[in-house]
Amino acid sequence: MTESENMYNFNFFRPTPGFAQHNARLIAAVVLIWAIAIFGFQTLLKVTEQPAPEAQLAQFEEIWPGVLANNASTQDLKDLSKIYLNLLGRHVALRSNQDFKLGFTSAVYNLLPSNERQEFLSLTNKDFGAIKTSTGEISSKLDLKKDSLLAQVIPYALVPYDGAPVSEMALKKIPTIMQKNLMHYRSALTDTKFLGFPFHYFYTAIFLLVLFIGLCLFYCNAIDKLNIKYDLETEDGKGVYHDK
Amino acid sequence: MTAFVVMTSSSLAYAAGSAAELDGNFKLGPAIIVIGIIILFIVVGLLNKASDTANYWAAGRSISRVGSGMAIASNWMSAASFLGMAAIMYGSGYHGLAYVIGWTGGYVLLLVLMASQIRRFGKYTAPDFIGDRYYSSGLRATTAIIGILISVCYCVGQFGGIGIMFEWVLGLPYLWSVIIGSSVVLLYTLISGMLGVTKNQQIQYVIIIISFMIPAFIMTWKFDYFWLLPPIGYGQLVSDIVTGIPNNELVNSYGHSFAILPSPEYALPWDPSTGKDFFQWITLSFSLMVGTAGLPHVIQRFYVVPKVSDARWSVVWGLFFICILYWFSPLYSAFGKVLSSNPEVGALAKDAIVVYTAQLADIHPLIVGFLAAGAISAAFSTVSGLLVAGASGFSHDLYYRVFNPNATSEQQMMMARIATIVMAIVVTVIAAYKLALIAQLVAVAFSLAGCTLFPLFLLGIWWSGSNKQGAIAGVTVGISISLIAIAYFVAGKMGVDLPYSAFIGYYLNAWSFAWIAAPLAILANIVVSLMTPEPPREIKKFLAVHVHGAEDMG
């Protein structure tokens, strides 16, 4: 192979001398910063995270065995009902989960005195409007204020009920749903605030975009000078070979 | 005159319907705004009617770097950016930011690895570059076909966005909305050609960004956040969503308090309740980034600038203009989260959350109408660019270069117009099925580009040893993996359970399969190239001297 043929063999890691070499180093620096800023940070976020369950998860795990054994106290059933309402209020998808809503309906039924249960069963089988007007009564049974955020969820959390025990299959799903929705993962990066944002959110949603523009600006300025130095472009940016 | 204006705007506002009507009932005020803007686009398109092939294909290389940057941004800011990102963040929280990063971070790769190099190569289209670099008319044709498929995938998401917005504004069923919207964008794409589209896209950018920003300022002011800079102001709202906002006197259009139960899953990364994890975030953002650097209709933008340096600087300007919208987008999902938190609002179509949020914030109906017009404008600007790219792929790269090298300009123009119409019909049919969210459908196009065209560009520019055989091997690997991923996705949607569907659905997800397909395509290209004869000397010399500035040794 002649020397000229060798000159025309190149790759990014073995660039031809001169412009290509400088350009390759510049590109490597930009891409390295880019990669670390994006993937390095997300990896840091992942490796530093710790389980941070909501208090209600521990509460649920304490109450649930009693529910399964049918000997949960009235207070436990009230607390469980609030946990159901909390999740139903936050997750639209859960409001389509009939088993989950059955769990709530059953919990409310079981905490009521026996002389009020029949009336409750009738209510669950009425139309939505009737249920909504009875929200105040149910919320008072749960020690909730009528206009509280949790109380607003009640009409959407009830399903038609006949008083029968909830099936085993339905009961098995509840702990999984609780675990999935009440367990979170946090770190110093998520708990620190910056300009009002959780820091990690600011970094990803705002800072990285600024960095991308900054990297592009840096590269363009540097490469403009290189192109002029190596006579690939004129001072007004015209390509020597292509821009006539 | 003043009284007339006041009466007219009041009537329009009244006719626009109650802000609480989130559904697609006919809204006169917003409908007039949308139709007015569409007529404006058509008039501008008519005034810029292309007369010959050169103008049609590369806008006569007459657009400035800022103007080109604005056109890049307008072309980029599609329904996926305008509507889709907020939709994903509304439903999946932090995971949605993978789309924000993926669709902006890729521009850094595009700039340093592609922009000026491709401009220096001096070809009209991406298939032209591939065909000449790899001295293969077969690869030229293959690239053209892939480009058309990418355009089709991309357009499906856009037509879906158009359908949703027309549904909201005109109260028409989704299918009719898609048909009407596609007909209008097809009309002005056919008659104006690329020159008209480019100049039109600068106007479209202004409409897009203003329509997006105004409601953001209003919402941050109305709900007591730092309204002078909404992309910073909504930060406190994100924190408030995490800790919860108690009942207060601020209300939405339903009269519900601006309140929400503590919802840490909204902001915490890969929260279990979202069903998304770290692997999915990383692979998705990576796929979107390499896809960005492989999209033929973006790369084609570099040919419309007069100088090589303009190709680079138009990327910078384009990214800046894009980021303006991307900084605002999460704001809509955050406000939407709180404003729709009362169960009475019900489950909202995520892809329309931007408009619903403005409605729920009780913003003036005409401003909401302008916002919807901005969404339609965003979709139109992208679709027109995609249809042109797809049509040029067929007419110039397939018909002229492969089937009929003696074709005249008029014949090529006719083929381009036929291809545009056929593409629009195919896309409309697919879009009617609503297979996924807008952003997800668009991500399919990115993954396809990332594992087929990006490896070709990357190795074609940066390794003299990449030859025709290696390129064919790489493209074959990329296309094969793409087919598997898309086939499993479609089968899943049709209720067909293929073998190992859970495994494929996770590791070769339809919107992020480029994470593995791109590296494998690159590897195949390298291995086969090393095993087969080197590229011709002239090609290596051209690459080294004209593209990379090596000394001409003769």
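I began with helix 8 (residues 137-170) and helix 15 (residues 365-403) of chain B, which pack at about 160° with axes 8 Å apart. Axes here are lines fitted to C-alpha atoms, for helices over the stretch in contact, and angles run from 0 to 180 degrees between N-to-C directions. Helices are DSSP runs of H or I with at least four residues, strands are runs of E with at least two, and both are numbered from the N terminus. Helix 8 of chain B and helix 15 of chain B are therefore roughly antiparallel; angles over 145 degrees get that label, under 35 roughly parallel, 65 to 115 roughly perpendicular, and the rest oblique. I noted a left-handed crossing for helix 8 and helix 15 of chain B, meaning that the near helix is turned anticlockwise from the far one by less than a right angle, with clockwise giving right-handed. The contact of helix 8 with helix 15 of chain B has 25 nonpolar, seven polar and three charged residues. In this count Ala, Val, Leu, Ile, Met, Phe, Trp, Tyr, Cys and Pro are nonpolar, Asp, Glu, Lys and Arg charged, and the others, Gly among them, polar.

A note on the source: this is a predicted model, where local features need pLDDT of at least 70 and side-chain atom pairs count only at pLDDT 80 or more, while totals for chains, interfaces and linings use all residues. Residues are numbered from 1 along each chain as its sequence is written, chains are lettered from A and ligands numbered from 1 in the order written, and side-chain values use heavy atoms, leaving out hydrogens and water.

Next I checked helix 8 against helix 17 of chain B: about 165°, axes 8 Å apart. That makes helix 8 roughly antiparallel to helix 17 of chain B. The crossing of these two helices of chain B is left-handed. Among the residues that meet are B:Ile146, B:Tyr154 and B:Gly157 from helix 8, and B:Val442, B:Phe446 and B:Leu453 from helix 17, with contact meaning heavy atoms within 4.5 Å. By class, the contact of helix 8 with helix 17 of chain B has 17 nonpolar, five polar and no charged residues.

I then followed helix 17 (residues 438-462) to helix 20 (residues 514-531) of chain B, where the axes come within 8 Å and cross at roughly 30°. Helix 17 and helix 20 of chain B are therefore roughly parallel. Their crossing in chain B is right-handed.

Which residues join chain A and chain B? I found 81 residues from chain A and 86 residues from chain B in the contact. The buried area is about 7,200 Å², with 68% from carbon and sulfur atoms; it is the accessible area (1.4 Å probe) that two parts lose on being put together, summed over both.

I looked for salt bridges too (a side-chain nitrogen of Lys or Arg within 4 Å of a carboxyl oxygen of Asp or Glu). Three cross the interface of chain A and chain B. One salt bridge pairs A:Asp224 with B:Arg312, closest N and O atoms 2.6 Å apart. Another pairs B:Glu265 with A:Arg90, 2.6 Å from N to O. B:Glu265 lies in the loop between helix 10 (230-243) and helix 11 (278-292) of chain B and A:Arg90 in helix 4 (residues 74-90) of chain A, so the pair joins two chains.
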